[in-house]
Amino acid sequence: MTFLSHFKPAAAVAIAALMIGAGAADAKNFKIAVGDSAGSAQEATGKAFVAALEEKSGGKHTATLFLNGQLGSEEVTVNDAAMGTLDMSLLAINNITPYSPTVGVFSLPYVILSLEEAEKLTQGPIGEELTQNTINDAGVRIIAWTYTGFRVLTNSKKPVKSVADLQGLVVRVPKNEIMIDTYKAWGINPTPMAWSETFTALQQQVVDGQDNPYLTVNAMKFYEVQKYITNIRYIFSIEPLIISESLFQGLSADEQQMILDAGQAATQASAQFLRDSEAAIKQDLLAKGMEISDPENGEEEFIKLATEAVWPKFYDSIGGVEKLNAVLETLGRAPVQQ
Ligand code: MLT
């Protein structure tokens, strides 16, 4: 993408560090772009981060959340943070992948199979390596992880219980090659679209459906424009809080540590938020009139088509099949045989 060919992370970091360094002792109010709306998992992470930052800095530093894509669509905020014109952003990891392809390993279909697996991967050496990669590739640093749950398919047209039922549906996906190819493996050509345009496109029936976790479907009020949910659960949605690396490098060591500690507190709070709220939100969506189905013959058909077609295609972009195998090994599963 053009961003990758023009952006020089190291140069931006050095210039901004000089500019910010002078005011390092000042009280700060960081601006955080948030892709989702009030009630979302992203908001819960953001609020926990703000509370922890205020507590750890004795009330000196704070941050303000700008919900609902007010500061730009998720993909755009990565670029803005990299350039130092935005402090922080909370967004789905699939919208970081175009800038830092190795994080795509977390979006490969059916790799992460539970919240516990997501926590293990993100909070261990693999999470650290991917954090370093986003700094190098994209000029942003991941400081917290939001766990939002499995992405499920929603649509306004009909119950979908099999791959055959999917045929003919127009489904919005993020501008993410892995997700585009997953739907292609299931036999349909999805419509890549920015997150900020998705609700309107569903409402105006430009597209029939999309996929996102229950928490997001509820917070974004998709139940107003979508009737059917299918538990395809192909990706466990991970939604990091990122900070501009140039901003981070301009902070004092104490401030950097406070930010990292507040991020860790926010990560813990996010896992708790998901554990506490997902079951009730599912009930709420049913009460609001949505119909929820499981694939009628289990997920095997979806899993087989997606993993066989999509995994090999992305080995190079995630850094080689050994990166996927490191993930599978961490999760106690058999490696891919080449
Ligand atoms: C997307 O579908 O683009 C994202 O998952 C949106 C989000 O951040 O919730």
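**Exercise 1. At what angle do helix H8 and helix H13 pack, and how far apart are their axes?**

Before we start, a word on the model: it is predicted, so local features need pLDDT of at least 70 and side-chain atom pairs count only at pLDDT 80 or more, while totals for chains, interfaces and linings use all residues. Residues are numbered from 1 along each chain as its sequence is written, and side-chain values use heavy atoms, leaving out hydrogens and water.

Step 1. Find the two helices: H8 covers residues 177-185 and H13 covers residues 300-313. Helices here are DSSP runs of H or I with at least four residues, strands are runs of E with at least two, and both are numbered from the N terminus.

Step 2. Read off the geometry: the angle is about 140° and the axes lie 9 Å apart. The axes are lines fitted to C-alpha atoms over the stretch in contact, and angles run from 0 to 180 degrees between N-to-C directions.

Step 3. Name the arrangement: this angle makes H8 oblique to H13. Angles under 35 degrees count as roughly parallel, over 145 as roughly antiparallel, 65 to 115 as roughly perpendicular, and the rest as oblique.

**Exercise 2. Which residues make the contact of H8 with H13?**

Step 1. On H8, look for Ile178, Asp181, Thr182 and Ala185. Contact means heavy atoms within 4.5 Å.

Step 2. On H13, the partners are Leu305, Ala306, Ala309, Val310 and Lys313.

**Exercise 3. Where is Asn68, and is this residue buried or exposed, or in between?**

Step 1. Locate Asn68 in the loop between strand S2 (62-66) and helix H4 (74-83).

Step 2. Check its accessibility: at a relative accessible area of 49%, Asn68 is partly exposed. With a 1.4 Å probe and protein chains only, buried means under 20%, exposed over 50%, and partly exposed in between.

Step 3. Look at the backbone: Asn68 has a positive phi, near 65°, without being a glycine. Most residues other than glycine have a negative phi.

Step 4. Arg233 is partly exposed, with a relative accessible area of 36%.

**Exercise 4. How many helices and strands are in the protein chain?**

Step 1. Count the elements: there are 14 helices and 13 strands.
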